[in-house]
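My entries follow in the order in which I checked things.

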Amino acid sequence: MEIKLDKKHTYELKDITLDLRVEILDLAQEASADAKFSSFVKIIRKALNVTDEQLMELSTEEIAKLGLKVVEWCNDGKKSTKSK
């Protein structure tokens, strides 16, 4: 499963288990309550196969947008990215 930021940036999702989903959604609440940029980076690192170098290429706005895309995916009720 992939999450696409734009035409140039597509990232592979890690296995999103229920425990990881809970962690991601908790971080999302933290980010929205305190406007913590670091929470978006943590969400991305937990959910996507992405390097620090790839993140450094993105703007602050793009990182926030990518983090929100991960949160939206988790909110859709998807339990796991593993095939059954």
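In which helix does Leu25 lie? I find Leu25 in helix α1, where helices are DSSP runs of H or I with at least four residues, strands are runs of E with at least two, and both are numbered from the N terminus. Before going on I note that this is a predicted model, in which local features need pLDDT of at least 70 and side-chain atom pairs count only at pLDDT 80 or more, while totals for chains, interfaces and linings use all residues. Residues are numbered from 1 along each chain as its sequence is written, and side-chain values use heavy atoms, with hydrogens and water left out.

I looked up the accessibility of Leu25 and found a relative accessible area of 22%, so it is partly exposed; the scale calls a residue buried under 20% relative accessible area, exposed over 50% and partly exposed in between, with a 1.4 Å probe and protein chains only. Leaving aside neighbours within four places in sequence, Leu25 is in contact with Val71, Cys74 and Asn75, contact meaning heavy atoms within 4.5 Å. Between the C-alpha atoms of Leu25 and Lys14, which are eleven residues apart along the chain, I read a separation of 15 Å.

Asp26 also lies in α1, and at 47% relative accessibility it counts as partly exposed. Its C-alpha atom is 9.4 Å from that of Ser39, 13 residues away along the chain. From Gln29 to Thr17, twelve residues apart in sequence, the C-alpha to C-alpha distance is 18 Å.

**Entry: α1 against α2**

Two packed helices are described by the angle between their axes and the distance between the axes. For α1 (residues 18-34) and α2 (residues 37-47) I noted an angle of about 165 degrees and axes 9 Å apart; the axes are lines fitted to C-alpha atoms, for helices over the stretch in contact, and angles run from 0 to 180 degrees between N-to-C directions. The two helices α1 and α2 are therefore roughly antiparallel, on a scale where angles under 35 degrees count as roughly parallel, over 145 as roughly antiparallel, 65 to 115 as roughly perpendicular and the rest as oblique. On the α1 side the contact includes Leu20, Ile24 and Leu27, and on the α2 side it includes Phe40, Ile43 and Ala47. By class, this contact of α1 with α2 has eight nonpolar, one polar and four charged residues, with Ala, Val, Leu, Ile, Met, Phe, Trp, Tyr, Cys and Pro taken as nonpolar, Asp, Glu, Lys and Arg as charged, and the others, Gly among them, as polar.

**Entry: the contacts of α4**

How do α1 and α4 lie to each other? The axes of α1 and α4 (residues 60-75) come within 10 Å and cross at roughly 130 degrees, and α1 and α4 are therefore oblique to each other. Arg21, Ile24, Leu25 and Ala28 of α1 meet Val70, Val71, Cys74 and Asn75 of α4, a contact that divides into six nonpolar, one polar and one charged residue.

For α2 and α4 the axes come within 9 Å and cross at roughly 55 degrees, so this pair, too, is oblique. Among the residues making the contact are Phe40 and Ile44 of α2 and Ile63 and Leu66 of α4. The classes of the contact of α2 with α4 are twelve nonpolar, two polar and no charged.

**Entry: buried residues and the core**

The buried residues of α2 are Ser39, Phe40, Val41, Ile43, Ile44 and Ala47, and they pack against β2, α1, β3 (48-49), α3 (52-56) and α4.

I then asked which residues have the most contacts inside the largest nonpolar core. They are Ile16, Ile24, Leu48 and Leu66, in a core of 26 residues; such a core is a set of buried Ala, Val, Leu, Ile, Met, Phe, Trp, Tyr and Cys residues joined through side-chain atoms within 4.5 Å. Each of β2 (10-13), α1, α2 and α4 supplies at least two residues of this core, and α4 gives the most, with seven. Leaving aside neighbours within four places in sequence, Leu48 is in contact with residues including Ile3, Tyr11, Leu66 and Val70.
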